[in-house]
Amino acid sequence: MGSLFRSEEMALCQLFLQSEAAYACVSELGELGLVQFRDLNPDVNAFQRKFVSEVRRCDEMERKLRYLEKEIKKDGIPMLDTGENPEAPQPREMIDLEATFEKLENELREVNHNAEALKRNFLELTELKHILRKTQVFFDETEQQMGTAVASQMADPNREDEQVTLLGEEGLRAGGQALKLGYSTRLLIWGSKILKRSESKFEPEKVGNFYFRFVAGVILRERIPAFERMLWRACRGNVFLRQAEIETPLEDPSTGDQVHKSVFIIFFQGDQLKSRVRKICEGFRATLYPCPEAPSQRREMAMGVMTRIEDLNTVLGQTQDHRHRVLVAAAKNIKNWFIKVVKIKAIYHTLNLFNLDVTQKCLIAECWVPLLDIETIQLALRRGTERSGSSVPPILNRMDTFEDPPTYNRTNKFTSAFQNLVDAYGIASYREINPTPYTIISFPFLFAVMFGDLGHGGLMFLFAAFLVLREKQLAAKKSDNEVWNIFFAGRYIILLMGLFSMYTGLIYNDIFSKSLNLFGSHWHTNYNESTVMHNKDLQINPSLSADYDQVPYPVGLDPIWQLALNKIVFLNAYKMKISIIFGVLHMLSGVSLSLYNYRYFKDRISIFCDFIPQVIFLTFLFFYMVLLMFIKWISYGPQNDFPDSPACAPSILITFINMVLFKNAEALPNCNTVYMFAGQGVLQKFLVLVALLCVPIMLLAKPIYIMRQQKEKHVQLVNGHATTENGDAEGAGRVVQQPPPAGGHDENEIGELFIHQGIHTIEYVLGSVSHTASYLRLWALSLAHAQLSEVLWSMVMTKGLILESWIGGVWLWFVFGFWAILTVGILVLMEGLSAFLHTLRLHWVEFQSKFYKGLGYAFSPFSFEVILNTASTAVEE
């Protein structure tokens, strides 16, 4: 139970392991997760340590496993996760694992290389198939169009050359001007018709004084406009380009992405244009294919291409089946392989922190261990020694040290979330009191004061209860959604916040901005209905038994306040006062916890110079103000006559201000005095004077006391030195260290102590005022939450109640859905997050600052569980 309120007692131990048993012993300690090793080779480079070669081998195995995992995910094959946690394999098993991974990687790379080559070949054949089809269409269109053009030109050879646009409308848009060709160019195009009819074999025919040629290929669709512009500019318009889109996307063999391409054919004249066209095609990464000019040759080539495509499809299918079988076999074991490799690497990385003795046969380590778990650790070491077959038992010796040990707070699934909230502020110093047990109660309670609503708290409680009841199934899914993981990790915090909110909602008698009339109202109206409905200024007198039963409502607020016009005025006063009451009690509990720290560390001077003045200052001023609130509630009842009537009740705030300023206030008419009890004025002056006297005590007492102690020690050292010099002759030959001179470093330390104490005193005195006012956020957020809930009901939900008959029922369903979405989204989620952050601030600043330093460092044991969780998180990111 002690570990719940303070961190575990830690011990620095020295561990001696035989080299043969070191691997197995560290493996057992990793499964246990209770040992934090220190680096005994801080000056040695990471590449010069003893087991660096084994770590590199593990890195190589991890690389191969990541490659396999990438290929498995690419094929969409599910990886079997049985939830097993295999033990770290023995060093000799590393060779078998390396051989298995090497074989799988080589086989998979070979299959991928062959599949890529086959796909590239398939892509080329598919492109060639489309080229043969499209060029046939091109030649057919050219024959039909040029027949008419040539006949017209032959009929009138003397007319002026007509202007023909070769690249079409796209060419006009791309080039910015029309491409004009005369008779000679048209003769070239006509020559293509002659070539087709002659069915020559790739040899251009001479037409007049010109030689006509063409090239065909495939290019990415998005490069077509730039490709056309470059052809026109480089060839000065002396080419004829036709292009057509390939309807079906093609697969890129290198990346596996789907790409859209187009077929093109370019007609040109001469070797110079041929060279330019080929260079342009090469620059735009267009693929050129041989295309026969004769239709019969194109048909023959197309048949051969289709045959080869069918054969390639068969081979590709077999290759993919083989690849799939290899990946499915690997997917069954890859999770366990990852765990084994990570454990091996972690073990060797930890062994690199050890030191070798002079005989090179023993490894020496230093580690922090919890004092209560030393026997468990020794049993684990014994198991590791037996596994390795070593005959030399390990030795675990406890060492004395002045170094601050790490902080280790033992937690479970319930307390871990609250501990994380505390650790986010700062890790507790060693053996410092742990705020977590108190936070488990105070955090959800202060949240509920701001979020008090029976309905909203119930929604939050049901959601958290679902997470808690299904936690095993939900944890096994291992979702990578960050928001969901945050909610799941804090499920017990949400559960308690919802439960406490239901309680405060019952006290406020507030459920979705409405009240529960469980016991019947204790207020009564003696007016008739018409009088009440037409006179909004009517008031019920609480001093009359006919209007009020003179008995408080059994639980919480009377439901009649939900209908009262002065509800906000009443709730303002009520919630503001309870906020101050809870705040002062919360701060006093924080200051009281500092006493346990001082007593545990035997810091008596801090008890007298810090704790007692702080408690007096906070109690005599602010706790006294809380007592005044209770006195006012008790003393001034509605049935009392003057001067004890509620009309004579003094304002607590004005009374407190006058008390601090030593100012006397004037009594109200018909009231004898401004004080609530006899002797209050004298008592208040006494309390303020004592509280003010505590300030110089907090500021000066501790530094002066420490300074006097150091002077006394200095005098004792000087006296001891003088006695040694004038003593017996045996001491004459000894060298005695001279005491440090007065002042020097000691004076600097005293000066720093005065500065530190001054800052601490100013922070506490001013913080007592500001922190008390800070707790008013409890009142402000509670009031805002209630008003938002009421506005949402009146402006949304009531709109669904205006229609009658079955239409009103349907309309109510839609309005209710909209109201429910706004309720969950705004009032539960957004308001809940706001209240959570304000509660977190109250604990970090107002509560923990009174006793919690948070200057420690966390205990980070060598644990396979932590390492595997970190590795899995890194892989998901």
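## Salt bridges in a predicted model

E102 counts as partly exposed, at 33% relative accessibility, where partly exposed covers the range between buried (under 20% relative accessible area) and exposed (over 50%), computed with a 1.4 Å probe on protein chains only. This is a predicted model, in which local features need pLDDT of at least 70 and side-chain atom pairs count only at pLDDT 80 or more, whereas totals for chains, interfaces and linings use all residues. Residues are numbered from 1 along each chain as its sequence is written, and side-chain values use heavy atoms, with hydrogens and water left out. With a salt bridge taken as a side-chain nitrogen of Lys or Arg within 4 Å of a carboxyl oxygen of Asp or Glu, the count comes to 29 salt bridges.

**Helix α3 to helix α4**

- K64 and E102 form a salt bridge whose closest N and O atoms are 2.3 Å apart, and this pair links K64 in helix α3 with E102 in helix α4, 38 residues apart; helices (H or I, at least four residues) and strands (E, at least two) are DSSP runs numbered from the N terminus.
- K64 is buried, with a relative accessible area of 7%.
- Salt bridges that share partners join E60, R63, E105 and R109 into one network.

**Strand β11 to a loop**

- The side chains of E366 and R38 meet in a salt bridge at 3.2 Å, N to O, which connects strand β11 (residues 362-370) with the loop between β2 (36-37) and α3 (52-74), the two residues being 328 residues apart.
- E366 counts as buried at 14% relative accessibility, while R38 is partly exposed, with a relative accessible area of 27%.
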